Amino acid sequence: MVQLVRPRAGHFDLGTGYHGDLWLDLDALFLSPARLRPYVDWLAERLRGHGVDAVCGPLEGGALLAYAVADRLGVAFLAGYRAPGVASYRLPRVHGGIGGWRVGVVDDAVNAGTAVAACVEELRVQGAVLVAAAAVIALAEASTMVPARLGVPFYAAGTMPSRAWPAQECPLCADGVPVTPGAPITPGMPITPGDGRSAPPAGR
């Protein structure tokens, strides 16, 4: 999986109100759908056990992945569209509403979890019931932070070490380290299976 997302080390504005020391090329994750398919299948099997009626994902990458997972499960797909403001998302209105729907939220990578949490907030406003969240990659403490924050199981096919801070508390900023999105690719970045279940082999 590492070669799919081409991790870069540095000081990054993550665009969610957070700064971090790792950047992933998530667009590259979707260049080869066949290589991503084992992860789609893995995530679909995690959500299948929760009897979901729909899968939701934040645009862009999360929605692409959520669409594929929804197709695999034969359920509805809900796209989270970015709304004005930091980490704010809206959902398209569905005829008849989504009140009572059991929904799983899927993202490509989760760090601070702001996009997932924003989609969940909108789902709950519309009366849906969040039953699980999932991602291809969980960064930093996301594997424990997301389920604690959302109150549902969180499944990640793999984890990668990183650090992220609210922008106003960023120690890299405090140390005068410039934001450098052009940092070189980090070789040998470790990645480990996620939630104790068998994840697809990296790079397949």
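Visitor: Hi! How many aromatic pairs does the structure hold?

Guide: Hello! This is a predicted model, and the structure holds 1 aromatic pair.

Visitor: Which rings are in that pair, and how are their planes set?

Guide: The rings belong to Tyr 67 and Phe 77, with centres 5.2 Å apart. Their planes stand at 80 degrees, so the pair is edge-to-face, since planes over 60 degrees apart count that way.

Visitor: Nice. Which parts does the pair tie together?

Guide: Tyr 67 lies in helix H3 and Phe 77 in strand S4 (residues 76-83), so the pair ties together parts that are 10 residues apart in sequence.

Visitor: Staying with H3, at what angle do the axes of H2 and H3 cross?

Guide: At roughly 65 degrees, with the axes of H2 (residues 33-48) and H3 (residues 61-73) coming within 9 Å. H2 passes H3 in a right-handed crossing.

Visitor: And which residues make the contact?

Guide: On H2, they include Leu 36, Val 40 and Leu 47; on H3, Leu 65, Val 69 and Arg 72 are among them. By class, the contact has 9 nonpolar, no polar and 3 charged residues.

Visitor: Changing topic: how much space lies in the largest pocket?

Guide: About 760 Å³. The largest pocket has 31 lining residues, and Leu 14, Thr 16, Leu 26, Asp 108 and Ala 109 lie nearest its centre.

Visitor: Which element gives the most to that lining?

Guide: Strand S6 does, with 4 residues. S2, H3, S6 and H4 each supply at least two residues.

Visitor: What's the split by class for the lining?

Guide: The lining of the largest pocket has 19 nonpolar, 6 polar and 6 charged residues.

Terms used
Residues are numbered from 1 along each chain as its sequence is written. This is a predicted model: local features need pLDDT of at least 70, side-chain atom pairs count only at pLDDT 80 or more; totals for chains, interfaces and linings use all residues. Side-chain values use heavy atoms; hydrogens and water are left out. Axes are lines fitted to C-alpha atoms, for helices over the stretch in contact, and angles run from 0 to 180 degrees between N-to-C directions. A crossing is left-handed if the near helix is turned anticlockwise from the far one by less than a right angle, and right-handed if clockwise. Contact means heavy atoms within 4.5 Å. Ala, Val, Leu, Ile, Met, Phe, Trp, Tyr, Cys and Pro count as nonpolar, Asp, Glu, Lys and Arg as charged, and the others, Gly among them, as polar. On a 1 Å grid over the protein atoms alone, a cavity is a set of points where a 1.4 Å probe fits but cannot get out, and a pocket is an open set with protein on both sides within 12 Å along at least five of seven lines; lining residues have an atom within 4 Å of a point. Grid points are joined across faces, edges and corners, and a volume is the space filled by probe spheres set on the points. Rings of Phe, Tyr and Trp (its six-membered ring) pair if their centres lie within 6.5 Å; planes under 30 degrees apart count as stacked, over 60 as edge-to-face and the rest as tilted.
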